Amino acid sequence: MSPVQFDSFGEPILPASDKEPTTASRVALRSGVGLFWVMVLAIVAARAAYFAPSLSEKVASVASLFGHLRNVVGV
């Protein structure tokens with residue numbers, strides 16, 4: 001019987017199994033990773049397709065307003 005090991009919080013560490021991952025777990029992992037990257041690409045493509053330059057101009061004007069306000073206050 002091997003000695004019980006504990007983590008830094010005092011919880012016992014369960015021994016790791018030496019079994020190879022099953023085919024189902026590999027398929028689930030690959031499909032999950034693929035779904036993640038498909039969603040990333042879809043979000044980036046949607047952001048690029050519906051980008052409104054006027055929104056960035058508004059953000060820049062608000063940022064410059066805060067810059068002027070900081071100069072007036074002296075911060």
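Visitor: What does the accessible surface of the chain come to, and what share of it belongs to carbon and sulfur atoms?
Guide: This is a predicted model, in which local features need pLDDT of at least 70, side-chain atom pairs count only at pLDDT 80 or more, and totals for chains, interfaces and linings use all residues. Residues are numbered from 1 along each chain as its sequence is written, and side-chain values use heavy atoms, with hydrogens and water left out. Areas come from the Shrake-Rupley method with a 1.4 Å probe, and for residues only the protein chains shown count as cover. The accessible surface of the chain is about 7,300 Å², and the share of carbon and sulfur atoms is 69%.

Visitor: What radius of gyration does the chain have?
Guide: The radius is taken over C-alpha atoms, and the globule rule is 2.2 Å times the number of residues to the power 0.38. For a compact globule of 75 residues the value would be near 11 Å, but the chain has 26 Å.

Visitor: In what order do the elements of the chain run from the N terminus on?
Guide: Helices (H or I, at least four residues) and strands (E, at least two) are DSSP runs, numbered from the N terminus. The chain has two helices and two strands. Their order is β-β-α-α.

Visitor: How far apart are the end C-alpha atoms of helix H2?
Guide: H2 covers residues 53-73. The expected span of a helix is 1.5 Å times one less than its number of residues.

Visitor: How many of the 21 residues of H2 are buried?
Guide: Buried means under 20% relative accessible area, exposed over 50%, and partly exposed in between (1.4 Å probe, protein chains only). Val73, in helix H2, is exposed with a relative accessible area of 56%. H2 lies largely in the open, because its number of buried residues is zero.

Visitor: Which residues make the nonpolar surface patch of about 630 Å²?
Guide: Patches take residues with over 30% relative accessible area and no salt bridge, joining like charges within 9 Å and nonpolar side chains (Val, Leu, Ile, Met, Phe, Trp, Tyr) within 5 Å. A salt bridge is a side-chain nitrogen of Lys or Arg within 4 Å of a carboxyl oxygen of Asp or Glu. Val75 is in the segment after H2 and counts as exposed at 71% relative accessibility. The patch is made by Val62, Phe66, Leu69, Val72, Val73 and Val75.
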